[in-house]
Amino acid sequence: MSNASSTPTIKVLIVEDDPLISKRYQMILSKDEQIECVGRASSGYEGTMLAALHKPDIVLMDIELEDKQAGLRATEEILNYLPGVKVVILTVCETDDTVFRAFELGATNYLLKNMPADAILQAIKDAYYDLPALHSNIAGKITREFKRIKTTEDSLMHNFYILTTLTPTELEVLELLMQDYSRQEICKLRHVEPSTLKSQINSILKKFNKSSVQETLPVLRELHIPEILAQRKGKL
């Protein structure tokens, strides 16, 4: 396995108590020559020890290990001891409110455990290169927004997750819709036929499980999504 001198090896530690999931991640990582799996831990305690030993660049951290808070405790300990490490949280459910706590402790990103291999590898590289990915950019605002909109915990996290599933084109279309551009104006700006735009909007609505743009936009505005997207662009 050869790495070009300009391409550093990304050292990743997997902390996951399900051996099948842990093995799957290890296999996915082994297929990318830029990434090296430096260890697998099955508890928060073991994860903390291996992080101190191997000093990885990225830790894939299951939230629920020997107990519901073990992943959070390990995240806090690792980041206190090794503040340069990037922790990517692994969770089975994007509405799990411990994800908020993880971000509060300094986690960089989160991944649903059943994400496809390319999404897992991309999340690792985004975290390593400090890319202003939607996930990491939104992370800093989540806790504050969560406190502000106490009644819509599921809504905030759910809509945040949906945003990360949009294609770059769909994201651009959504941003223009949130800026109150008409469909005709968007067609001109994006140089697309009305039929193309219609299919893009339909795809967006399907992902949000809404029947109209008018039904979708107020929810996103309430969650301050336009400002978050504007901040993301400002950092690019």
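User: On what basis are the residues numbered and the values computed?
Analyst: Residues are numbered from 1 along each chain as its sequence is written, and side-chain values use heavy atoms, with hydrogens and water left out. The model is predicted: local features need pLDDT of at least 70, side-chain atom pairs count only at pLDDT 80 or more, and totals for chains, interfaces and linings use all residues.

User: How are α2 and α3 oriented to each other?
Analyst: Helices here are DSSP runs (H or I, at least four residues), numbered from the N terminus. The axes, lines fitted to C-alpha atoms over the stretch in contact, of α2 (residues 44–54) and α3 (residues 70–81) come within 8 Å and cross at roughly 20 degrees. Angles under 35 degrees count as roughly parallel, over 145 as roughly antiparallel, 65 to 115 as roughly perpendicular and the rest as oblique. The two helices α2 and α3 are therefore roughly parallel.

User: Which residues of α3 make the contact with α2?
Analyst: Contact means heavy atoms within 4.5 Å. From α2, the contact is made by Gly44, Gly47, Thr48, Ala51 and Ala52; from α3, by Ala70, Ala74, Glu77, Ile78 and Tyr81.

User: How are α1 and α5 oriented to each other?
Analyst: The axes of α1 (residues 19–30) and α5 (residues 117–128) come within 10 Å, crossing at roughly 75 degrees. This angle makes α1 and α5 roughly perpendicular.

User: How many charged residues does the contact of α1 with α5 have?
Analyst: Arg24, Tyr25, Ile28 and Leu29 of α1 meet Ala117, Ile120, Leu121 and Ile124 of α5. Ala, Val, Leu, Ile, Met, Phe, Trp, Tyr, Cys and Pro count as nonpolar, Asp, Glu, Lys and Arg as charged, and the others, Gly among them, as polar. The contact of α1 with α5 has 7 nonpolar residues, no polar ones and, as charged, 1.

User: How are α10 and α11 oriented to each other?
Analyst: Their axes lie 10 Å apart, and α10 and α11 pack at an angle of about 60 degrees. The orientation of α10 to α11 is therefore oblique.

User: What is the volume of the largest cavity?
Analyst: A cavity is a set of points on a 1 Å grid over the protein atoms alone where a 1.4 Å probe fits but cannot get out; lining residues have an atom within 4 Å of a point. The count comes to 1 cavity of 30 Å³ or more. With volume taken as the space filled by probe spheres set on the points, the largest cavity has about 40 Å³.

User: Which helices each supply at least two residues of its lining?
Analyst: Leu174, Leu177, Ile201, Ile204, Leu205, Val213, Thr216 and Leu217 line the largest cavity. By class, this lining has 7 nonpolar, 1 polar and no charged residues. At least two lining residues each come from α8 (168–178), α10 (194–208) and α11 (213–222).

Key:
1 Å grid on protein atoms, 1.4 Å probe; cavity = no way out; pocket = protein on both sides within 12 Å on 5 of 7 lines; lining within 4 Å. Axes fitted to C-alpha atoms, helices over the stretch in contact; angles between N-to-C directions.
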